[in-house]
Amino acid sequence: MDELLRMEHVSKRFGDFYANRDINLSVRKGEVHTLLGENGAGKSTLMNVLIGLYQPTEGKIFLNGKEVRIDSPAQAVKLGIGMVHQEFMLIPGFTVTENIKVGREISTPNLASRLFGKSMETLDTKAMRKDAKKALKTIGLQIEDYVKVAGLPVGYMQFIEIARELDKTGIRILVFDEPTAVLTESEADRLLEAMRVISSQGIAIIFITHRLDEVMAVADGMTILRDGEFVARKEIKDTNVVEIAELMIGRKVE
């Protein structure tokens, strides 16, 4: 498969402290790529560089072989990079559709908008619901799109977060930051299945997790970090849980 993303010799320094030092990351189109490491290994910092929350102190980022500068989350979205965060960013009083389309509402002109501007346009709820249903169907979540988010099970909220990212135009890379941490075992299994469906559409997934059984179940390849530095890049078919654990902690394990 073709390389979609390459982060080359990326470092991020906060004062005298390096959270990331000289890290290389390569992800192919349609690949589920796991980013592994113990707490404090630099995984979240590296992904925050990718989505534009941080600017790298050193290094370059390439998409489809072309160097890009990602100086804000909005720029990342324009480039087709989305992220599902650990903390839910849903609005409880909004419906499922409204949460999926927030910030990207579809509207139609009316008399007031012709006089006072686009902000007065009428929301096209039919078109918005159609988009929401399409995103929900992609990940296999069966829920009425007009239901309000408040009171929904945690697993449903996680899937709605994912649907919102998938609804963004031209999404090419989707980062999952420990998405199964708050899910039940059955919900986690459904999420892993959804990842495979998403990747089959050519979208690359970067999956941050500590659960090695999930890595072996869903990932194609992995990059391992330790103490903010690159340790190894492995294909799942060429490794096992014991080797992965040893690379993560830097010593032999039984």
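Biologist: In which helix does Phe116 lie? Please take a close look at that place, and then show me around from there.

Modeller: Gladly! Please keep in mind that this is a predicted model. Phe116 lies in helix H4, which covers residues 111-116.

Another patch on the surface has a charge. Glu185, Asp189, Glu193 and Asp213 gather in a patch that is negative. Helix H7, residues 185-200, gives the most to this patch, with three residues. Glu185 has its place in helix H7, and with 68% relative accessibility Glu185 counts as exposed.

For a contrast, turn to helix H1, residues 43-50. This helix is mostly covered, with seven of its eight residues buried. Among the buried residues of H1 are Leu46, Met47, Val49 and Leu50, and Lys43, Thr45 and Asn48 are buried too. After H1 comes Gly52, with a positive phi near 85°.

Thr95 is another covered residue, this time in a loop. That loop runs between strand E6 (81-84) and helix H3 (96-101). Thr95 counts as buried because its relative accessibility is 13%, and buried means under 20%. Leaving aside residues up to four places away in sequence, Thr95 touches Asp145, Tyr146, Val147, Lys148 and Val149.

Let me finish with the backbone. Most residues other than glycine have a negative phi. Asp22 is not a glycine, yet its phi is positive, about 55°. Asp22 is found in strand E2, residues 17-28, and is partly exposed, with a relative accessible area of 40%. Asn64 is not a glycine either, and has a positive phi of about 50°. The place of Asn64 is in the loop between strand E4 (58-63) and strand E5 (66-68).

How values were computed. Residues are numbered from 1 along each chain as its sequence is written. This is a predicted model: local features need pLDDT of at least 70, side-chain atom pairs count only at pLDDT 80 or more; totals for chains, interfaces and linings use all residues. Side-chain values use heavy atoms; hydrogens and water are left out. Patches are made of residues with over 30% relative accessible area and no salt bridge: like charges are joined within 9 Å, nonpolar side chains (Val, Leu, Ile, Met, Phe, Trp, Tyr) within 5 Å. Accessible areas come from the Shrake-Rupley method with a 1.4 Å probe; for residues, only the protein chains shown count as cover. A salt bridge is a side-chain nitrogen of Lys or Arg within 4 Å of a carboxyl oxygen of Asp or Glu. Lys and Arg count as positive and Asp and Glu as negative; His and the chain ends are not counted. The place of a charge is taken as NZ of Lys, CZ of Arg, CG of Asp or CD of Glu. Helices (H or I, at least four residues) and strands (E, at least two) are DSSP runs, numbered from the N terminus. Buried means under 20% relative accessible area, exposed over 50%, partly exposed in between (1.4 Å probe, protein chains only). Contact means heavy atoms within 4.5 Å.
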